[in-house]
Amino acid sequence: LMAADPQATGSLRQLLQLNDILLDRAEKELSNTLLAEFEELQRKNTAEGKRKSDMRDSSEMTKARRVRPIRHGEAPGVRVGDRFQNKGELLVLGIHDCIAQGISKPRMEDKELFEQGAYAIAVSGVYKGDDDQGERLTYTGVGTTGDQSFENPANKALQNNYKKRVPVRVVRKVEGTKDQKFFYMYDGLYDVVDCYCEEEDVPAKDDAPEQTGLDCPPPKFRKITKFTLQRSSGNLQKPSTSTAYDPK
């Protein structure tokens with residue numbers, strides 16, 4: 001067998017690296033184009049007197065086929081630390097496609113995709129038991145009232161990430177400035193390293209009369225689903241200090 005030419009091997013490696021750079025640039029340009037179209041649509045609808053609605057505007061983009069198809073893994077044209085104004089932008093770029101809740105997943109009817117797990121989660125600090133340490137976080141499943149369970153399709157999908165060892169995209173809702181109360185920041189891929197159920201106490205309503213002594217009812221509890229996520233070993237990029245999430 002003839003030995004490989006080191007010079008030819010080096011040239012091939014450089015060509016492949018250049019090709020990756022050009023592809024990444026093209027993907028980023030497409031993302032910027034789609035975002036610009038979405039912002040223009042929102043301005044147009046606002047000028048026509050329509051109430052701002054990320055769900056309506058992203059639906060219009062979807063019907064016009066001006067959105068990226070959602071998939072597992074990294075989102076093309078998006079880098080760790082990229083900021084987005086709203087969930088509509090996340091949908092248009094194929095990062096997170098659920099406006100109304102935190103877990104973005106395939107439909108259960110798409111069995112093969114669903115078994116791979118959820119596409120993305122949005123970390124917003126809604127639940128008091130969430131613990132965000134940046135590289136590692138505890139995330140509460142879907143369900144604001146009553147017991148949560150892994151029978152809920154969204155929770156089941158994220159449980160499948162754990163079972164199949166498929167990483168999930170993480171997006172963080174970050175407090176902004178006076179001009180913009182918050183924004184969303186893409187933080188790359190995380191592995192679901194554990195999932196379990198536990199009980200949490202249900203706080204009394206603010207307007208409930210104060211009760212003491214024997215009249216005080218026992219505390220109420222409900223079951224919640226919890227997920228532990230760790231930054232993926234392949235997710236080497238980290239957000240810059242200007243966009244880093246500071247858990248409180």
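The dialogue below goes through a few features of this predicted model.

Colleague: How are residues counted here, and which parts of the model are used?

Modeller: Numbering starts from 1 along each chain as its sequence is written, and side-chain values use heavy atoms, with hydrogens and water left out. As the model is predicted, local features need pLDDT of at least 70 and side-chain atom pairs count only at pLDDT 80 or more, while totals for chains, interfaces and linings use all residues.

Colleague: How many disulfides are there?

Modeller: A disulfide is a covalent bond between the sulfur atoms of two cysteines. The rule asks for a pair of cysteine sulfur atoms within 2.5 Å, and the count is zero. For Cys 195, the closest cysteine sulfur is in Cys 197, 8.5 Å away, which is too far for a bond.

Colleague: Is Cys 195 buried or exposed?

Modeller: Buried means under 20% relative accessible area, exposed over 50%, and partly exposed in between (1.4 Å probe, protein chains only). Cys 195 has 15%, so this residue is buried. Gln 180 has 31% and is therefore partly exposed.

Colleague: Where is Gln 180 found?

Modeller: Strands (E, at least two residues) are DSSP runs, numbered from the N terminus. Gln 180 lies in the loop between strand S6 (168-175) and strand S7 (182-201). Its C-alpha is 8.4 Å from that of Gln 85, although 95 residues separate the two in sequence.

Colleague: Which side chains make polar contacts with the side chain of Asp 187?

Modeller: A polar contact is a pair of N or O atoms within 3.5 Å; within protein, one must be able to donate a hydrogen and the other to accept it, and residues adjacent in sequence count only if both atoms are side-chain atoms. Asp 187, in strand S7, contacts the side chains of Arg 172 at 2.3 Å and Tyr 190 at 2.6 Å. With a relative accessible area of 1%, Asp 187 is buried.

Technical notes:
Helix = DSSP H or I, 4+ residues; strand = E, 2+ residues; numbered from the N terminus.
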